[in-house]
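Student: I'm new to this structure and would like a close look at one part of it. Could you take me to a covalent cross-link within the chain, and then show me what lies around it?

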Amino acid sequence: MKRLLTAVTLATMALGASAQNYPEKPITIVVPFAAGGPTDKVARDLAEAIRKPLGGQVIIENVAGAGGTLGHTKVAKASADGYTLLLAHVAMATAPALYRKLQYDALNDFEYLGLVNEVPMTLIARPTMPAANYADLAKWLDANKGKINLANAGLGSASHLCGLLFQQSTKIDMTTVPYKGTGPAMTDLIGGQVDLMCDQTTNTTSQISGGKVKAYAVTTTKRLTGDAVKNLPTLNEVGLKGFNVTIWHGLYAPKNTPKPVLDKVNAALKTALKDAQFVKNQEALGADIVDDGRVNPAEHKKFVEAEIAKWGPVIKAAGQYAD
């Protein structure tokens, strides 16, 4: 018994010393999407900002595939030592419904570290859409039931999810047209081959400013301030009560990562979110830095639980699965 207690004591002391000296080697942030995309950009900006308070090297590893679930799985099964982290977006909450067989549990296989940012979305239409405002658009939608084409950037994409919720909220079924990415979807919308799309401000503001598409509303509960979108109403205020869609990013570690390590990473994250260059970079992306309680692990997890509860019924009602 004495030997067992000694072993436990030594292990506890070693853990404490390891956490105190953390990080002693480079930290890897896994991005579950390809390099060059919006999530990759957020991760690289964050890696630079978080490196300073952590006092160590932070590198990015792109593990793309299966709607982000390959990267999620890699981190869920990684060593719980704080040297492998995950920067994930809303797919953390939507994958449990989109994929009927996952190799991880979104709520129980990760330690939640805090939310990073949120990107608003906009409801846009082809430039030849006759509606001048959302009230006109609502009338047009009602008059053209069965003939409306709704573009998205692919199954499980932000635009796909927003489009599903929009159809459910308006109670109007539309023909969804999935593309391989926002680029080709936007090209066809501008060309008039499809009628509508709901997509992130990072992808839409320049098209709105250039008059290449028509914009009708934003998906947040509060109006936005950017020049291209400041005059747009929210979908909530035009009658779709409770409509609120943002594409958020959060930071995660494998389950059972030592609490002292988690505390260090969370403290560094909070410092990084106030880094002037990081803030500037996120503003350029059209993203809002999270500055509320969700930067804390418990509130972060509570938020994702609510997102899972929101998106699960929407996806299941549509019957559109990724596996």
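Tutor: Let's start with Cys162, which is buried, having a relative accessible area of 0%. Here buried means under 20% relative accessible area, exposed means over 50% and partly exposed is in between, with a 1.4 Å probe and protein chains only. Cys198 is buried as well, at 2%. Please keep in mind that this is a predicted model: local features need pLDDT of at least 70, side-chain atom pairs count only at pLDDT 80 or more, and totals for chains, interfaces and linings use all residues. Residues are numbered from 1 along each chain as its sequence is written, and side-chain values use heavy atoms, leaving out hydrogens and water.

Cys162 and Cys198 are joined by a disulfide, with 1.9 Å from S to S. A disulfide is a covalent bond between the sulfur atoms of two cysteines; the rule used here is a pair of cysteine sulfur atoms within 2.5 Å. That rule gives a count of 1 disulfide. The link of Cys162 and Cys198 is right-handed, with 55° about the S-S bond. It ties together distant parts of the chain, 36 residues apart: Cys162 sits in helix α6 (residues 158–170) and Cys198 in strand β8 (residues 196–200). Helices (H or I, at least four residues) and strands (E, at least two) are DSSP runs, numbered from the N terminus.

Now for the wider setting. The largest nonpolar core has 86 residues, and Met92, Leu137, Phe166 and Leu196 have the most contacts inside it. Such a core is a set of buried Ala, Val, Leu, Ile, Met, Phe, Trp, Tyr and Cys residues joined through side-chain atoms within 4.5 Å. Helix α2 (residues 38–54) gives the most to this core, with 7 residues. Leaving aside residues up to four places away in sequence, Leu137 touches Leu123, Met129, Ala131, Leu196 and Tyr216, where contact means heavy atoms within 4.5 Å. A second, separate core has 14 residues, including Tyr179, Met186, Val213 and Leu224.
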